Amino acid sequence: MTSINKVLAVALNPALDLTGSLNQLSSGKVNLVNHANLHAAGKGVNVAKVLAELGAEVSITGFLGSDNPTKFEELFAQLEIDDQFIRVQGATRTNVKLVDLMGEVTDVNFPGALISADDVQQFEQRLFELVEEHHYVVFAGSVPKGVELSRFSGWIKELGSRGNQVLVDCSGEALYYAIQAKPSFIKPNQEELEQWAGSPLLDLDKVKAQGEKIAALGINNVLISRGEKRCAVAESRAVARGHTRVSQGS
């Protein structure tokens, strides 16, 4: 029986974030880093971390490289997050973030490990076991090589049909597949929404219109984050007769 107090975070492609601060980033030259930090990250891991810090009972699953799991295991133990990751051959990817004195961040995101068919099958079995005890399921982050996007979409659709509340935060082609699966909630940022729309969205009205189009497909809640600008929230007609709200913040 599912519990409304338990959340399952799904991090299919987690990462170790190596963050370095430097005075100025100069392309094509040697850059000296003043301070560095390596920590467990990726959208799904970050979601689990924040929810656990807020007092939720959180489990997490996905694919974790067996060569370098220590940072993740330390974080999960510290926050009492139930670690249900499938260990896969190889190392979890490392993403590099370089921050200059002006606060500008340069991201270098690496691809994840190649996930085998056996890994996918093992994950799928664990996912459907875990959702028996978790009402909310959050898919956050990118989809690694070896996981077909049609299968990713199928998981979202199947969980929705079982009565789980499915929330999704992904980008690129995965966003298209997620929208087709009609989760309960989806959160593109403006850049991702523009990619989905196929054109720039130069003002808030255009952003709202695209959010309404997604909501009209049958997704109960659509949140479009816009950095420091106002974000837009659209709700499906089944929930609020196509109501669209605009909120302050990101």
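## Helices H5 and H6

In this predicted model, the axes of helix H5 (172–181) and helix H6 (residues 190–197) cross at roughly 70° and come within 10 Å. An angle of 65 to 115 degrees counts as roughly perpendicular, and H5 and H6 are therefore roughly perpendicular to each other.

Which residues of H5 and H6 meet? From H5 come Gly172, Leu175, Tyr176 and Ile179, and from H6 come Glu192, Gln195 and Trp196. By class, the residues of this contact of H5 with H6 are 4 nonpolar, 2 polar and 1 charged.

## Helices H4 and H5

Two packed helices are described by the angle between their axes and the distance between the axes. For H4 and H5, the angle is about 35° and the axes lie 8 Å apart. The crossing of these two helices is right-handed.

On the H4 side, the residues that meet H5 are Leu149, Ser150, Phe152, Ser153, Ile156 and Lys157. On the H5 side, their partners are Glu173, Ala174, Tyr177, Ala178 and Ala181. The contact of H4 with H5 comprises 7 nonpolar, 2 polar and 2 charged residues.

## Helices H3 and H4

Helix H4 (residues 149–161) also has helix H3 (residues 117–130) beside it, with axes that come within 12 Å and cross at roughly 15°. Why is H3 described as roughly parallel to H4? Angles under 35 degrees count as roughly parallel, and the crossing angle of roughly 15° therefore makes H3 roughly parallel to H4. H3 passes H4 in a right-handed crossing.

H3 contributes Val120, Gln121, Phe123, Glu124, Leu127 and Phe128 to the contact, while H4 contributes Arg151, Trp155, Glu158 and Leu159. These residues of the contact of H3 with H4 divide into 6 nonpolar, 1 polar and 3 charged.

## The largest pocket

Rolling a probe the size of a water molecule over the atoms shows where empty space is left. The largest pocket holds about 540 Å³ of space. Its lining consists of 26 residues, and those nearest the centre of the pocket are Arg93, Asn109, Gly141, Ser142 and Ser171.

Which elements each supply at least two residues of the lining of the largest pocket? They are strand E2 (15–21), helix H1 (43–53), strand E7 (94–99) and helix H5 (172–181). Sorted by class, the lining of the largest pocket has 10 nonpolar, 10 polar and 6 charged residues.

## The second largest pocket

About 220 Å³ of space lies in the second largest pocket. The residues that line this pocket are Val7, Val47, Leu51, Tyr136, Val138, Leu167, Val168, Asp169, Phe185, Lys187 and Leu223. They divide into 9 nonpolar, no polar and 2 charged residues.

Helix H1 supplies at least two residues of this lining, as do strand E9 (134–140) and strand E10 (165–169). The largest share, 3 residues, comes from E10.

## The cavities

How many cavities of 30 Å³ or more are counted? The count comes to 2. The largest cavity has a volume of about 70 Å³. This cavity is lined by 14 residues, and Asn13, Pro14, Phe63, Ala113 and Ile115 lie nearest its centre. Strand E4 (residues 57–65) provides the largest share of the lining of the largest cavity, 3 residues. By class, the lining of the largest cavity has 9 nonpolar, 4 polar and 1 charged residues.

The second largest cavity has a volume of about 40 Å³. Its lining is formed by Val10, Leu12, Phe139, Ala140, Gly141, Ser142, Val143 and Phe152. Of these residues, 6 are nonpolar, 2 are polar and none is charged.

Note on methods
Residues are numbered from 1 along each chain as its sequence is written. This is a predicted model: local features need pLDDT of at least 70, side-chain atom pairs count only at pLDDT 80 or more; totals for chains, interfaces and linings use all residues. Side-chain values use heavy atoms; hydrogens and water are left out. Axes are lines fitted to C-alpha atoms, for helices over the stretch in contact, and angles run from 0 to 180 degrees between N-to-C directions. Helices (H or I, at least four residues) and strands (E, at least two) are DSSP runs, numbered from the N terminus. Angles under 35 degrees count as roughly parallel, over 145 as roughly antiparallel, 65 to 115 as roughly perpendicular and the rest as oblique. A crossing is left-handed if the near helix is turned anticlockwise from the far one by less than a right angle, and right-handed if clockwise. Contact means heavy atoms within 4.5 Å. Ala, Val, Leu, Ile, Met, Phe, Trp, Tyr, Cys and Pro count as nonpolar, Asp, Glu, Lys and Arg as charged, and the others, Gly among them, as polar. On a 1 Å grid over the protein atoms alone, a cavity is a set of points where a 1.4 Å probe fits but cannot get out, and a pocket is an open set with protein on both sides within 12 Å along at least five of seven lines; lining residues have an atom within 4 Å of a point. Grid points are joined across faces, edges and corners, and a volume is the space filled by probe spheres set on the points.
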